[in-house]
Amino acid sequence: MTRKTKQAQYDDTSISLLKGADRVRKRPGVIFGSDGLEGCEHAVFEILSNSIDEAREGHGNVITLTHYEDNSIEVEDFGRGCPVDWNSAENRFNWELVFCELYAGGKYNNDEGENYEYSLGLNGLGACATQYSSRYMDVTVYRDGKKFSLHFEKGENIGGLTGEEYKGRRTGTVIRWLPDIEVFTDIRIPKTYFEDILKRQAVVNAGITFRLKTQVGSTFETEDFLYENGISDYVTELAGEGPLTPTNYIETERKGRDREDKPEYKVRISAAFSFSNKVNVIEYYHNSSWLEHGGAPEKATRSAFVSAIDGYIKKAGKYQKNESKVSFADIQDCLILVTNCFSTVTSYENQTKKAITNKFIQEAMTEFFRTQLEIYFIEHKAEADRIADQVLINKRSRETAERARQNIKKKLSGSIDIANRVQKFVDCRTKDVSRREIYIVEGDSALGACKQSRDAEFQGIMPVRGKILNCLKADYEKIFKSEIITDLLKVLGCGVEVKSRAKDVSSFDLNNLRWNKVIICTDADVDGYQIRTLILTMLYRLTPTLINEGYVYIAESPLFEISCKDKTYFAYTEKEKADILESLAGQKYTLQRSKGLGENEPEMMWMTTMNPETRRLIKVLPSDVERTAQVFDLLLGDNLSGRKDHISENGYKYLELADIS
């Protein structure tokens with residue numbers, strides 16, 4: 001059906017520019033990765049990062065984070081103090097650049113040794129973006145014998161920069177802010193987030209104390225996080241008692257470039273690892289940022305550890321004849337590894353810094369890890385043997401479990417090649433279950449039309465020959481003797497939810513369903529509706545979970561085709577027909593009942609029934625299973641008198657569907 005909707009005007013006046021604080025306040029997800037709690041949490045990390053960079057450069061060894069009951073947060077460090085006074089090079093105050101300008105900061109020339117060699121904050125976004133997204137922010141800076149103060153509200157500075165003489169010896173920066181609920185959907189950051197982030201920073205910044213203060217009423221609970229030896233102490237803590245090997249620490253520094261025409265930069269690589277048959281943990285850090293999604297370090301670790309351990313197993317003759325090589329999954333099951341790298345140039349996947357993509361770092365880490373492992377295995381043969389034996393145990397256990405899983409799956413679902421076992425079933429190409437759709441159609445003619453119309457990449461076709469058995473009335477023995485029904489169950493692949501079943505029909509397992517959508521597609525006539533009802537009845541009785549979980553759909557077919565000039569309109573109801581005819585008043589048109597599915601042209605079939613963009617699907621989701629059972633029983637069960645009463649009371653509503661010509 002063709003519909004005209006009013007279009008908004010789009011011309012030279014339609015383009016607008018976000019300015020000032022609106023660049024963050026109206027699109028926080030662009031900077032923080034989310035406008036929800038996760039984005040609010042990332043803002044904390046942005047402020048904390050600046051203090052960490054100072055401490056790592058040797059300016060202060062304590063960083064305090066205070067969480068107040070009103071959800072405001074304060075980060076205090078004892079670094080050199082953020083520059084806030086006049087900047088003659090930029091002809092502006094530094095506080096304006098730091099807190100009011102995106103892409104302004106002191107960490108753009110790290111590869112030239114300026115200010116910070118290895119910096120967590122790189123993009124000049126964090127302090128400004130956090131200020132813009134706050135209800136208020138107060139900044140206090142101690143430097144140059146002065147105490148400077150700034151106050152911001154909703155991205156606007158109030159009162160400018162104030163300064164006073166400070167006779168104390170301390171330097172550093174204190175920032176307190178309240179995340180704005182108008183920017184983030186949730187600002188109630190849980191204590192566990194602060195504990196997790198401060199512990200992780202203590203792990204990768206050896207010797208720096210991270211202090212968490214949490215307001216509870218009029219008092220503050222205090223907790224310190226400190227690892228004197230950084231990742232080595234952490235890996236030893238994770239390994240607990242009785243690891244297969246003691247903790248090993250390795251480090252190096254390399255120079256290189258990501259591409260021949262790119263500048264050279266430095267990377268400092270360090271890692272601590274141990275092997276255990278009780279614990280497995282792998283964490284990657286870069287410039288103090290936890291790389292939740294890994295990136296280059298993960299790829300390097302996978303390549304190096306598989307290469308070195310596979311090489312040792314081969315050299316030691318521990319593989320059985322014709323045995324496949326170990327995989328990283330087998331190694332990961334017994335590996336405790338924490339990498340902690342720093343580089344003067346870093347390519348993060350995005351502002352949230354959860355993965356890095358530097359090609360040189362990946363190559364340097366791969367070569368270093370592989371070489372160090374090979375040396376380690378030579379120098380510590382007893383430990384190498386224990387590692388190899390445990391990895392082989394993991395591998396063989398995995399393969400045994402995989403074979404058992406495949407055998408069970410085969411037993412439950414039968415052969416994967418159902419196309420050769422189910423007559424006239426037409427499969428689709430993709431194996432991605434999240435995309436696959438199966439159309440259950442009536443008859444060979446509909447099969448042909450749908451086959452020509454479908455997208456063969458993700459749409460399969462299963463024809464149903466005639467009216468199938470009424471599964472509500474029939475017993476299970478009779479149901480499972482029906483070839484139509486058993487073929488359909490084989491195509492679905494998920495088995496049935498009944499105790500009594502045929503020998504080759506498996507128990508129900510939703511994980512074995514081969515389709516994301518099961519679409520019933522029949523003609524819009526009495527016979528089509530009856531076939532649709534019989535198929536729904538079968539699914540309701542044998543696989544009710546498919547209906548309850550929303551996998552079953554009905555494809556609506558148009559009732560009428562209305563042609564006017566060179567346009568064809570499709571009406572799915574009497575009201576839509578009336579609306580179309582009203583819009584065509586005064587014009588010449590032809591009106592006819594839509595043809596059966598088997599008579600439709602492929603283009604029309606695709607547009608009205610199969611194209612995800614234009615088709616109409618009704619999701620079958622009974623909110624009341626008992627009511628559904630009552631209706632099915634009334635229409636298809638043994639309640640003959642009830643069915644007669646229902647028809648006499650309601651049958652007139654459906655006379656238009658009957659063929660009375």
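1. A polar contact here is a pair of N or O atoms within 3.5 Å, one able to donate a hydrogen and the other to accept it. The model is predicted. Thr252 and Arg254 meet that cut-off: their side chains make a polar contact at 3.4 Å.

2. Thr252 sits in strand 12 (residues 248–256). Is Thr252 buried or exposed? Its relative accessibility is 19%, so Thr252 counts as buried; the cut-off for buried is under 20%. Leaving out residues up to four places away in sequence, Thr252 touches Val267, Arg268, Ile269 and Phe368.

3. Strand 14 (residues 281–286) and strand 15 run antiparallel and are joined by two bridges. His286 has Ser289, in strand 15, as its bridge partner.

4. On to the aromatic rings. The model holds 19 aromatic pairs. One of them is Phe99 with Phe152: the centres are 5.9 Å apart and the planes at 40°, so the pair is tilted. Phe99 is in helix 4 (residues 94–100) and Phe152 in strand 6 (residues 146–153). The pair links distant parts of the chain, 53 residues apart.

5. How is the pair of Tyr265 and Phe360 arranged? Their ring planes stand at 85°, with centres 5.4 Å apart, so the pair is edge-to-face. Tyr265 is in strand 13 (residues 265–275) and Phe360 is in helix 10 (residues 359–379), so the pair ties together parts 95 residues apart in sequence. Tyr265 and Phe360 are buried.

6. There is also a ring cluster. Ring pairs link Phe273, Phe275, Phe305, Tyr312, Phe368, Phe369, Tyr376 and Phe377. Phe368 of this cluster is also a contact of Thr252.

7. Two charged side chains lie over ring faces. Arg176 is over Tyr68, at 3.6 Å from the ring centre. Lys213 is over Phe220, at 5.5 Å from the ring centre.

Notes: Residues numbered from 1 in each chain as written. Predicted model: local features only at pLDDT ≥ 70, side-chain atom pairs only at ≥ 80, totals over all residues. Heavy atoms only, no water. Phe/Tyr/Trp six-rings, centres within 6.5 Å; stacked < 30°, edge-to-face > 60°. Helix = DSSP H or I, 4+ residues; strand = E, 2+ residues; numbered from the N terminus. Buried < 20%, exposed > 50% of the residue type's maximum accessible area, 1.4 Å probe, protein only. Lys NZ or Arg CZ within 6 Å of the ring centre and 35° of its normal. Contact = heavy atoms within 4.5 Å. Pairing = 2+ DSSP bridges.
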